[in-house]
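Trainee: I have a new structure open and would like to learn how to read it. Could you walk me through it?

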Number of protein chains: 2
Amino acid sequence: MNNYQTPLRDIDFTLFELFDYTSHCRAIGHAALDRELTSAFFVEAARFAEGVLAPLGPVGDQQGCKLVDGKVITPIGFKAAYQHYCDAGWPTLSRSVAYGGQGLPQSLGVILSEILGTPNWAWGMYAGLSQGAMHTIETHGTEQQKQQYLPALISGRWTGTMCLTEAQAGSDLGLLCARAEPQPDGSYCITGTKIFISSGDHDLAENIVHIVLARLPDAPAGTKGISLFVVPKILVKEDGALAAANGVTCTALEAKMGIHGNATCVLQFEGAKGWLLGEVNKGLNHMFTFMNLARVGSGLQGLAHAELGYQQSRLYARERLQMRSLTGVKNIAGPADPIIVHPDIRRMLLTQKSLVEGIRMLSYYANIKMDVSQHSTNSDECQQATDLLSLLTPIVKAFSTEAGFESANLALQCLGGHGYIRDWGLEQNLRDCRIATLYEGTTGIQSLDLLGRKVLGSGGKTLEPLLDEISQLCHMCDDNEQLTAHAAQLATLSQEWQQLSMNIARQAQHNPDEIGAAAVDYLMYSGYLVLAFLWLKAQRTALQQLASPVADPGFYRAKLAAAEFYFARILPRTISLVKSMESGADNLMSLASADF
Amino acid sequence: MNNYQTPLRDIDFTLFELFDYTSHCRAIGHAALDRELTSAFFVEAARFAEGVLAPLGPVGDQQGCKLVDGKVITPIGFKAAYQHYCDAGWPTLSRSVAYGGQGLPQSLGVILSEILGTPNWAWGMYAGLSQGAMHTIETHGTEQQKQQYLPALISGRWTGTMCLTEAQAGSDLGLLCARAEPQPDGSYCITGTKIFISSGDHDLAENIVHIVLARLPDAPAGTKGISLFVVPKILVKEDGALAAANGVTCTALEAKMGIHGNATCVLQFEGAKGWLLGEVNKGLNHMFTFMNLARVGSGLQGLAHAELGYQQSRLYARERLQMRSLTGVKNIAGPADPIIVHPDIRRMLLTQKSLVEGIRMLSYYANIKMDVSQHSTNSDECQQATDLLSLLTPIVKAFSTEAGFESANLALQCLGGHGYIRDWGLEQNLRDCRIATLYEGTTGIQSLDLLGRKVLGSGGKTLEPLLDEISQLCHMCDDNEQLTAHAAQLATLSQEWQQLSMNIARQAQHNPDEIGAAAVDYLMYSGYLVLAFLWLKAQRTALQQLASPVADPGFYRAKLAAAEFYFARILPRTISLVKSMESGADNLMSLASADF
């Protein structure tokens with residue numbers, strides 16, 4: 001099936017009506033980026049996404065990548081689509097003007113990733129990983145390294161990867177073993193095996209620039225002895241021309257549950273030539289400087305699969321005729337009613353709608369804070385945005401991907417047995433989606449980051465900017481009786497959030513395992529809370545719009561219905577999460593490992 | 001990976017220590033079936049499951065079935081395993097003695113399905129569907145039909161299928177179109193296309209007996225005009241010998257998310273010869289007489305995948321070294337601690353353990369009621385067991401498969417990125433599992449059956465036998481302070497359950513959509529409640545065992561820990577479900593279909 005339509009109306013609503021993107025762009029020095037220009041840009045991206053990438057989604061899944069004589073071959077059509085992407089100048093969007101980029105806000109680049117990634121996430125990862133590599137070189141490279149690598153990467157002529165994981169070192173990068181021996185010419189000789197390298201090898205571009213974590217011979221053990229290197233697949237002369245092949249080989253492709261169109265490689269570095277990026281032994285710190293971007297980016301995957309699933313299941317629910325409504329026949333001319341008349345189908349659709357549009361709001365909210373943190377000239381504002389972004393990042397990554405999986409799973413369920421077979425694409429969508437809560441830090445890792453590092457690590461201070469915004473919104477809802485009930489629910493929750501955080505902090509003083517015991521429940525609780533804040537904001541915006549005649553009142557009515565549904569049927573999940581957190585660590589830790 | 005081990009200890013605990021299977025067998029006339037004999041039987045089944053079926057699990061997934069020149073070819077090894085199964089006499093277990101069966105209790109047959117299905121569900125479906133067909137012929141066939149078909153089916157020489165679904169008729173069988181024209185010789189000429197026919201064609205057996213739903217030319221529209229037919233793939237002479245091929249062809253195999261080793265067929269009936277089973281236009285009623293068995297059987301699939309996932313993720317969590325425990329180094333000799341020291345990994349393992357063992361208790365509880373309903377000579381007892389089974393059936397089917405999917409998904413999550421690749425088998429396990437909430441009636445359909453037909457349809461009467469058992473257990477826990485807190489939680493919940501049921505009944509008088517709006521939440525609530533009852537029972541049993549010296553105290557300690565975990569961290573989900581139910585149908589029904 002290929003009837004994916006970019007949700008341009010909802011993207012526009014979220015950016016311009018909810019978050020006033022016009023003023024935002026003006027404030028960060030991009031006054032030219034108005035609603036008209038941005039929309040024209042999204043329309044063009046949507047045309048490419050729908051016309052070229054969507055039909056290649058199932059092709060990529062069914063063909064997968066092949067390793068033939070040491071070379072990785074991508075599915076038919078992927079290379080031409082990538083060429084199209086480069087020709088249109090898409091990779092240049094948010095990159096440095098000095099090396100051929102357009103220097104537009106990061107937020108725009110992230111939304112481009114959403115538009116292109118939704119119909120074909122596996123393809124989008126080739127482009128996405130490349131952006132990560134560019135960002136790393138822009139931030140930590142020497143001027144010479146930038147000149148050597150960035151123009152070709154930014155044009156799309158080359159792509160990039162991030163090589164972190166090894167067989168024994170996944171969540172725990174401190175265990176990694178890849179070695180980097182200094183050479184007399186100032187380069188390093190890199191040796192080791194990296195696994196799970198997305199887009200690690202392929203035939204889309206003429207070179208691949210690997211960003212690799214490795215240890216110097218005298219480096220301290222653990223995370224403090226890791227350095228970052230740039231290791232091209234084909235060596236590059238100082239003027240950027242290609243030279244001989246480097247010692248990097250793809251020795252295997254992983255057989256995976258989904259995202260078959262993306263090559264997940266085992267990469268063998270055998271005396272490969274690499275160059276240090278940034279400072280010795282600061283490799284992990286350097287990686288963390290762009291973790292926000294990477295994690296906000298991977299949170300998008302939850303949004304992508306939730307959106308695709310929602311569109312398909314909604315279409316099916318309107319067309320599929322089975323049984324009659326219990327309140328009387330609705331489709332007199334037909335043999336049965338469309339299943340969208342049945343309450344349980346609506347429950348599944350509205351769960352999807354409130355999650356899809358909720359995590360879109362969450363993602364854009366974080367993106368806008370990222371722009372401010374990167375571009376604001378007001379240092380207070382910048383600091384506040386940085387703090388808020390740092391709090392939101394693990395929520396965006398983990399909540400969006402968990403909620404995205406739930407949503408994609410309900411989409412499949414709406415189709416009954418038809419969801420399980422290939423035709424409607426929903427089983428592929430669920431398989432593709434499943435990786436998102438695992439890579440770029442599992443949900444467990446994100447939750448420890450949120451609760452341990454961000455909240456407890458700051459003594460709760462990082463909660464404050466968000467609590468302030470919530471409090472302001474609740475006050476603004478005071479004068480509207482259609483909003484006061486939800487505002488009161490939200491205000492109560494935000495007090496509970498603070499209280500919960502303090503309780504866990506107190507318990508953790510006696511037993512550090514209390515943090516891990518509460519972390520995932522705490523993260524999910526936080527996600528539902530932030531979504532309640534955003535749905536209240538959306539409800540308020542929709543009511544404001546409906547106060548005057550509008551072209552599409554149905555769009556706003558649906559926003560109101562989704563907000564109502566969210567507060568009534570999704571937000572109460574927080575109650576169970578609180579009970580689970582409050583039960584403490586003992587019920588997890590008391591059983592001996594051998595007795596499980 | 002192939003290290004699956006049949007959970008014989010837990011099967012034994014659940015049957016004999018929890019449910020006193022010895023007395024049960026004696027009461028239904030199988031006094032010879034004692035603990036020793038049953039155990040020997042399970043050990044033999046386990047040997048076949050672990051030695052033969054488990055290694056074929058990944059083979060079936062990777063090879064799938066092929067349709068070559070109109071013939072379906074199953075994966076390598078499936079046919080030999082099936083022959084082994086027949087040679088050992090397994091298909092005969094619970095079938096009529098008169099036609100070659102052993103006449104043992106149905107419960108034993110269901111547990112055999114669990115043992116054989118867990119390592120390889122796709123293979124198990126060939127045997128499982130066949131049991132359904134035999135049961136139908138045993139119940140509705142004429143003596144001649146029984147003699148003609150049952151001996152070959154019971155020996156396993158032939159297999160059977162159930163042919164219900166058509167493209168336009170899934171959940172709504174009233175829409176089915178297959179036609180049955182009466183012939184002068186008393187047979188019928190069957191024409192139509194059936195889809196999603198599991199085990200619909202294959203090379204394991206010399207003939208396949210299809211049980212087919214179709215309409216007579218003058219039949220009333222809807223569900224009241226459907227009749228049941230027996231339609232062999234190869235025609236059978238009166239003495240049971242094979243004759244010419246019948247007009248049934250497999251025209252396509254579905255490409256599915258999982259269970260690749262089972263052939264899901266499109267079957268074309270073109271003037272096939274069929275014979276009426278039971279009465280004209282009573283086809284659906286006849287099907288419903290064995291729905292309990294079929295649905296309790298498909299609920300097992302949730303148990304199977306949850307068990308397999310739990311075993312693998314537990315093994316991984318004990319072996320995989322990543323990071324140190326926050327409460328101090330646990331594995332001094334190693335570079336890191338096994339991840340089972342981390343609270344969140346334990347949360348995921350205990351969620352699995354409490355669900356796996358919980359749904360095993362639920363399944364066996366229903367099986368035992370099924371035996372009583374079939375064999376008890378005390379008519380009150382028989383009626384009570386029948387009522388309780390009828391209430392439990394949709395819960396066993398839908399709750400077990402939903403909880404099984406959650407559990408299998410957490411198993412994958414425990415492995416991080418390694419869960420997403422083929423090696424550990426957990427991605428196949430999740431794909432295979434995904435069908436279970438869809439076929440044999442989706443979760444939505446089961447929920448309507450529970451709330452609409454069973455509970456509200458009886459004015460709440462069907463709740464009574466279970467409420468009585470819960471109340472008895474709570475009283476028995478009065479004298480033990482280690483149990484009183486949980487008993488009080490359970491007693492409160494069982495009152496709430498009645499109240500909820502009455503509230504929905506009242507609301508449904510004004511708006512029938514209130515039933516559909518609450519149904520799935522109600523079913524999940526009921527499932528958590530029944531599991532709380534069973535976990536309290538298990539906790540009590542474990543405490544009793546630990547009161548004297550036992551050979552494996554760790555086994556009982558783990559039962560206590562899982563019960564504690566279940567009451568503290570899983571059961572509170574009921575609170576959110578109640579909030580969602582209480583919010584009513586309006587938040588689902590008010591939005592126009594076009595505005596979604």
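Mentor: Gladly! Let us begin with contacts: two residues are in contact if their C-beta atoms, placed from the backbone, lie within 7 Å. This is a predicted model, in which local features need pLDDT of at least 70, side-chain atom pairs count only at pLDDT 80 or more, and totals for chains, interfaces and linings use all residues. Residues are numbered from 1 along each chain as its sequence is written, while chains are lettered from A and ligands numbered from 1 in the order in which they are written.

Trainee: What confidence does the predictor give?

Mentor: For the complex, the ipTM is 0.98 and the pTM is 0.98. For each residue there is pLDDT, the predictor's confidence from 0 to 100. Chain A averages a pLDDT of 96, and 100% of its residues score at least 70.

Trainee: Into which domains is chain A divided?

Mentor: Domain bounds come from an automatic or database domain assignment. Here they give domain 1 (8–289), domain 2 (290–439) and domain 3 (442–584) of chain A. The centres of domain 1 and domain 2 of chain A, taken over C-alpha atoms, are separated by 25 Å. Between these two domains of chain A, 32 residues of domain 1 are in contact with 31 residues of domain 2. H6(A) gives the most to the domain 1 side, with seven residues.

Trainee: Is strand S7 of chain B mostly covered or uncovered?

Mentor: A residue is buried if 20 or more other C-beta atoms lie within 10 Å of its own, exposed if 12 or fewer, and partly exposed in between, with C-beta atoms placed from the backbone. Strand S7 (residues 227–232) of chain B is mostly covered, with six of its six residues buried. In a regular strand, side chains alternate between the two faces of the sheet. Ser227(B), Phe229(B) and Val231(B) point one way from S7(B), and Leu228(B), Val230(B) and Pro232(B) the other way.

Trainee: Which strand pairs with S7(B) over six bridges?

Mentor: Two strands pair if DSSP finds at least two bridges between them. Strand S6 (residues 207–214) of chain B pairs with S7(B) in the antiparallel sense over six bridges; there, Ile211(B) has Val230(B) as its bridge partner.

Definitions and conventions. Helix = DSSP H or I, 4+ residues; strand = E, 2+ residues; numbered from the N terminus.
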